[in-house]
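Please look over the model shown here before reading on.

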Amino acid sequence: MSKMLYILNGPNLNRLGTREPEVYGSASLAEIEGQCAKLAQANGISLVFRQTNAEGELVDWVQEAADKACALILNGGAYTHTSIALHDALRLVAVPVIELHLSNPAAREAFRQVNYVAPAATASICGFGAMGYDMAVTAAVHLAKISKPINKTS
Ligand code: DQA
């Protein structure tokens with residue numbers, strides 16, 4: 001089993017800390033990455049933690065995770081609600097995929113009710129703020145240990 005956990009972050013998440021703190025909290029993405037790195041190290045796995053504003057780059061990284069990761073945690077940001085390309089890329093990933101959001105999109109605007117990530121994910125963690133990242137790392141380690149590769153082509 002690969003011991004590499006991928007955490008991929010989509011558009012505008014580089015502005016965490018100052019971006020709508022009443023919705024997304026006051027932790028920066030660098031602070032969140034630090035927490036995740038500690039937790040990954042404590043579990044004996046290495047961490048790949050990235051953010052991009054570009055949809056194509058996010059798709060490239062999901063494909064990379066499909067080849068290299070033991071599990072993938074994805075906060076797709078707004079691409080969650082728009083990107084069929086992201087959905088299709090996730091369907092290539094045979095290891096556990098955890099959809100992650102700081103807020104709870106289901107309790108927000110109507111346009112956030114469309115979700116192309118959840119149908120291609122193993123599980124979702126939403127609404128816990130920055131703590132959700134810690135929860136997702138713990139869950140990903142657990143799922144990676146128990147999971148067998150799955151085929152999403154059906
Ligand atoms: C988000 C929720 C999305 O709806 C939004 O577009 C984001 C952040 C979250 O983490 O709560 O950019 O993914």
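## Strand pairing

In this predicted model, strand 1 (4–9) and strand 3 (71–75) run parallel and are joined by 5 bridges, where two strands count as paired if DSSP finds at least two bridges between them. Across this pairing, Ile7 stands opposite Ile73 in strand 3. Strand 3 is also joined to strand 4 by 3 bridges, and these two strands again run parallel; here Leu72 stands opposite Val97 in strand 4. Helices (H or I, at least four residues) and strands (E, at least two) are DSSP runs, numbered from the N terminus.

Residues are numbered from 1 along each chain as its sequence is written. Because the model is predicted, local features need pLDDT of at least 70 and side-chain atom pairs count only at pLDDT 80 or more, while totals for chains, interfaces and linings use all residues, and side-chain values use heavy atoms, with hydrogens and water left out.

## Helix 3

Helix 3 (residues 55–68) has 14 residues and, at 1.5 Å a residue, should span 20 Å, which agrees with the 20 Å between its end C-alpha atoms; the expected span is 1.5 Å times one less than the number of residues. Its buried residues are Leu58, Val59, Trp61, Val62 and Ala65. Seen down the helix axis, these fall within an arc of 165 degrees, so they line one face of helix 3, the arc being that of the directions from the axis to the C-beta atoms. They pack against strand 1, strand 2 (46–51), strand 3 and helix 4 (84–90).

## Nonpolar cores

The largest nonpolar core has 25 residues, and those with the most contacts inside it are Leu5, Ile7, Ile73 and Tyr133; such a core is a set of buried Ala, Val, Leu, Ile, Met, Phe, Trp, Tyr and Cys residues joined through side-chain atoms within 4.5 Å. Helix 5 gives the most to this core, with 7 residues. A second, separate core of 21 residues includes Val59, Leu72, Leu90 and Val93.

Key
Buried means under 20% relative accessible area, exposed over 50%, partly exposed in between (1.4 Å probe, protein chains only). Contact means heavy atoms within 4.5 Å.
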